[in-house]
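Hi,

Here is the model I promised to pass on.

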Amino acid sequence: MESTGVAVAFWLLSALTVGGALLVLLSRNLLHALVFLVVAFLGTAGLFLTLSADFIAVAQILIYAGAIAVLIVFAIMLTPLASRDNANSLYAVPGILLGLAVAALVAFAALDGGWPELAGEALAERGFSSTVAAIGELLLGRYVLAFEVASVLLLFALVGAIVLVREEPPAGDGEGREP
Amino acid sequence: MSFDLAPTLGHYLVVSGLVFGLGSAVALSKRNAIAVLMGVELMLNGVNLALIAFSRFGAAFADDAAALSGHAFVVFVLTVAAAEAAVALALAVLVYRRRETVDLDRISSMRW
């Protein structure tokens with residue numbers, strides 16, 4: 001972290017991320033909230049880049065800002081009669097208080113933790129030049145079992161989602177069971 | 001500013017905690033089921049940021065491959081997030097088809 005550019009990028013991107021997350025909470029329209037959610041995702045991807053996590057940053061943009069955002073748009077469009085306002089529920093006040101308490105607790109632990117942390121020279125030495133090859137070796141080496149389980153999980157989730165939203169065929173039509 | 005402007009592990013963890021806390025506030029306080037799912041995705045994002053920050057700054061790793069385990073964990077979190085989003089949105093569409101609402105204050109019974 002020798003350059004001031006990284007510091008400037010960190011402060012701008014964290015402002016973008018936290019501001020996007022805050023506007024998801026505050027915006028009155030569900031589609032506007034989704035746009036701010038995508039802003040927060042892109043800010044997080046930029047923060048990953050300042051941490052020299054190039055592969056994760058690209059995956060974040062592809063999966064979160066791309067796939068999941070499109071899925072949420074589809075879900076909003078497929079529920080046309082539901083309300084579009086991003087209204088709070090009956091438990092809004094305790095929910096927001098609990099969220100703020102969690103954020104304060106994590107911030108306190110982060111600043112007071114005394115983590116074994118790299119700085120200066122050692123930090124510059126750690127800087128990963130390219131993470132893709134090393135992540136690939138880890139995923140197909142040390143974590144190959146988790147990798148295979150994740151692939152089965154994805155398959156089951158996609159099949160399950162299709163089965164859940166499948167239209168029921170009309171009774172006695174084409175099944176051959178009804179006389 | 002009295003403190004050093006160069007980001008350290010603590011800075012990244014504070015941002016991660018803020019994103020996680022705001023995500024949990026969204027997930028707990030919104031009425032629309034799809035908005036609740038958006039809050040859950042924000043929480044997962046905060047966790048990912050903490051994992052990557054520890055992977056970059058942590059001094060307890062033996063070598064670079066051990067440090068990159070944090071990146072492998074984030075890959076799995078991304079996978080689980082995508083699966084969870086697909087199933088949760090399918091459930092929201094299914095509930096909407098039966099009840100014509102995704103308002104969680106009105107979908108409070110376990111069965112109907």
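The C-alpha centres of domain 1 and domain 2 of chain A are 23 Å apart in this predicted model. Domain 1 covers 1–87 and domain 2 covers 130–166 of chain A, with bounds that come from an automatic or database domain assignment.

Some housekeeping before the rest. Residues are numbered from 1 along each chain as its sequence is written, while chains are lettered from A and ligands numbered from 1 in the order in which they are written. Since the model is predicted, local features need pLDDT of at least 70 and side-chain atom pairs count only at pLDDT 80 or more, whereas totals for chains, interfaces and linings use all residues.

On to chain A as a whole. Chain A has seven helices and zero strands, where helices (H or I, at least four residues) and strands (E, at least two) are DSSP runs numbered from the N terminus. Its radius of gyration is 22 Å, against the value near 16 Å that a compact globule of 179 residues would have; the radius is taken over C-alpha atoms, and the globule rule is 2.2 Å times the number of residues to the power 0.38. Along the principal axes, the C-alpha atoms of chain A fill a box of roughly 80 × 45 × 25 Å. Of the 179 residues in chain A, 27% count as buried (20 or more other C-beta atoms within 10 Å of the residue's own; 12 or fewer is exposed, in between is partly exposed, and C-beta atoms are placed from the backbone).

Chain B has four helices and zero strands. A compact globule of 112 residues would have a radius of gyration near 13 Å, but chain B comes out at 18 Å. The box for the C-alpha atoms of chain B is roughly 55 × 35 × 15 Å, again taken along the principal axes. As for burial, 58% of the 112 residues of chain B count as buried.

G70(B) is buried because 21 other C-beta atoms lie within 10 Å. Leaving out residues up to four places away in sequence, G70(B) touches L51(B), I52(B), F54(B) and S55(B). From G70(B) to S108(B) there are 38 residues in sequence and 38 Å in space, C-alpha to C-alpha.

Finally, confidence. The model scores ipTM 0.89 and pTM 0.88. Chain B has a mean pLDDT (the predictor's confidence in each residue, from 0 to 100) of 86, and 94% of its residues reach 70 or more.

Cheers

Technical notes:
Two residues are in contact if their C-beta atoms, placed from the backbone, lie within 7 Å.
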